[in-house]
Amino acid sequence: MGSIENANQISFKVGSCGDTMKIYLKVDEDEIVQDAKYEITGCAGAISAAMATVDLVKGKTVDQALKINDGDVFRVLESIPEKKHHCIQLAVKTMHQGLEEFQMAHVS
């Protein structure tokens, strides 16, 4: 949780339930996600989903991180209620948005 001072990418999204999520990415020259953090205004489900999502992308290439989906996060969280699935969707969509924006900004 928190921000990254020299983030390569900062992305923001508002979920269907009104939760807000900001993702910070620090990506190295080999396009490996060195660090990822989040700031969120939302319920415990959204916080848990954001935590799991940033943990899943750390150490992965941008392309590998873009393959992470709702099911991957759901498996990490195990006991999150089905009615909180929209929290997982918000976390994954915000992460994908950040990764895609990073790619667009760094196209050779």
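**From a buried leucine to the strands and helices**

Leu 99 is buried, with a relative accessible area of 0%, where buried means under 20% relative accessible area, exposed over 50% and partly exposed in between, for a 1.4 Å probe and protein chains only. The model is predicted, so local features need pLDDT of at least 70 and side-chain atom pairs count only at pLDDT 80 or more, while totals for chains, interfaces and linings use all residues. Residues are numbered from 1 along each chain as its sequence is written, and side-chain values use heavy atoms, with hydrogens and water left out.

Leu 99 lies in helix α4, residues 85-105; helices (H or I, at least four residues) and strands (E, at least two) are DSSP runs, numbered from the N terminus. Not counting residues up to four places away in sequence, Leu 99 touches Leu 25, Val 33, Val 62, Ala 65 and Leu 66, a contact being heavy atoms within 4.5 Å. Thr 61 is 38 residues from Leu 99 in sequence, and the two are 9.9 Å apart in space, C-alpha to C-alpha.

Strand β2 (residues 20-27) is mostly covered, with 6 of its 8 residues buried. Strand β1 (residues 9-14) runs antiparallel to β2 and is joined to it by 6 bridges, two strands being paired if DSSP finds at least two bridges between them. Val 14 has Thr 20 in β2 as its bridge partner, and the hairpin of β1 and β2 has 5 residues between the strands, with Gly 18 in the turn showing a positive phi of about 100°. On to strand β3 (residues 33-41), β2 pairs in the antiparallel sense over 8 bridges; this hairpin has 5 residues between its strands, and Glu 31 takes a positive phi near 60°.

Elsewhere, helix α1 (residues 44-57) packs with helix α3 (residues 70-77) at an angle of about 110°, their axes 9 Å apart. That makes α1 roughly perpendicular to α3, because angles of 65 to 115 degrees count as roughly perpendicular, those under 35 as roughly parallel, those over 145 as roughly antiparallel and the rest as oblique. Axes here are lines fitted to C-alpha atoms, for helices over the stretch in contact, and angles run from 0 to 180 degrees between N-to-C directions. On the α1 side, Ser 48, Ala 49, Ala 52, Thr 53 and Leu 56 meet Asp 72, Val 73, Val 76 and Leu 77 in α3.
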